[in-house]
Amino acid sequence: MSNTTVDPGPVPSGWQRWHLLGLEELSADEIALILDKAQLFRDALDAGARQFRLLSGRTCVNLFFEDSTRTRNSFSLAARRLGAEALDFSASTSSLSKGETVIDTAKNIEAMGVDAVVIRHRTPGTPLLLANNLRCSVVNAGDGPHEHPTQGLLDMLTIRQRKGRIEGLTVALVGDIAHSRTARSNIWGLKKLGAKIIVCGPSTLVSPRWAELGVEYSYNLNDILPRVDVLNLLRIQFERQSTQPFPSVREYAHLYAMNRERLARAKADVLIIAPGPINRGVEVTADVADGPQSAILDQVTNGVAVRMAVLWLLLGKR
Ligand code: NCD
């Protein structure tokens, strides 16, 4: 089984990008191309393939200035599965503590002979800053509350697999819309592929201004549940807030936790996804998170396939 592999063909001539900074700037065709290639990798992984040798001799570096479990490890694994080398940079033990800037740090890492830098940073725009200052490819793995494109893509791949399509679906993003980069990447990506989006949460975390982008907003989860095909449950990003957006976590859970009673109000085939980490009992109860409607762990498997597709598209031509 381990010899199983896949031939994705040459990188299509329609793909001209050097960096992946966000889903806002991608066209519907570019997003569909990434999803199609990711599906190819997912099928091969499911069939037992582990070594693809499509990027032999290339090097990808993870530059993570914020914590991560899924994103960081799946980027490393994706690079290795493609035959590239994967290097991990640890911000906490680096010379940043000695006053080196992020650009200088990245330039020094690049000078070691690196083909792609995968960056996560708390400041929106840091990946763009690096893209403007480095010669290698830059992939945004989350820049503050701005974008998390590979998360958006793996959410879309999961939805497409489970629902057979994206166009015409109603997807609700529930929780901390104000501070969630997953929300933004979902909104850009899903809207381009024809889904209808509802953002839902407390009024302190959901702005009516989303309507200006053609997104419906709601403060009442119970009201919207019957017409939703997909629920993407977002964590409250306490680390990005200076004031508490609601009186207590218990009150938030009372109004917005996806639990068995709320599931009974939703469509019978509603799909539950979440980027993780999940806080059991806050945005989702354990029985729903682990229940038959949930694709939360399957999203993680798709995360490797999506990151393989992205790295291959960015580096496969050179
Ligand atoms: C998300 C992130 O870091 O933006 N997690 C992830 O990448 N899987 C969401 C979150 O932290 O809540």
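Which polar side-chain atom lies 3.3 Å from a nitrogen atom of the ligand? That atom belongs to glutamine 151.

## About the model

This is a predicted model, in which local features need pLDDT of at least 70 and side-chain atom pairs count only at pLDDT 80 or more, while totals for chains, interfaces and linings use all residues. Residues are numbered from 1 along each chain as its sequence is written, and side-chain values use heavy atoms, leaving out hydrogens and water.

## Around the ligand

A ligand oxygen atom is 2.9 Å from an N or O atom in the threonine 71 side chain. For the side chain of arginine 120, the distance from an N or O atom to a ligand oxygen is 3.0 Å. Polar contacts here are pairs of N or O atoms within 3.5 Å; within protein, one must be able to donate a hydrogen and the other to accept it, and residues adjacent in sequence count only if both atoms are side-chain atoms.

## Histidine 19

Histidine 19 sits in the segment before helix 1 (28–46). A polar atom of its side chain lies 2.9 Å from the backbone nitrogen of valine 138. Histidine 19 also touches other residues (contact means heavy atoms within 4.5 Å). Leaving aside residues up to four places away in sequence, the partners are Ala131, Cys136, Ser137, Val138 and Leu314.

## Helix 1 and helix 11

Helices are DSSP runs (H or I, at least four residues), numbered from the N terminus. Helix 1 packs against helix 11 (residues 296–315) at about 120°, with axes 8 Å apart. Helix 1 is therefore oblique to helix 11. Angles run from 0 to 180 degrees between N-to-C directions, and axes are lines fitted to C-alpha atoms over the stretch in contact. Under 35 degrees counts as roughly parallel, over 145 as roughly antiparallel, 65 to 115 as roughly perpendicular and the rest as oblique.

Residues of helix 1 in the contact include Leu33, Phe41 and Leu45. Helix 11 contributes, among others, Val304, Met308 and Trp312. By class, the contact has 13 nonpolar, two polar and three charged residues.

## Helix 3 and helix 4

The axes of helix 3 (residues 102–111) and helix 4 (residues 126–133) come within 10 Å and cross at roughly 50°. So helix 3 is oblique to helix 4. Val102, Ile103, Ala106 and Lys107 of helix 3 meet Thr126, Leu129, Leu130 and Asn133 of helix 4.

Conventions
Helix = DSSP H or I, 4+ residues; strand = E, 2+ residues; numbered from the N terminus. Nonpolar A, V, L, I, M, F, W, Y, C, P; charged D, E, K, R; others polar.
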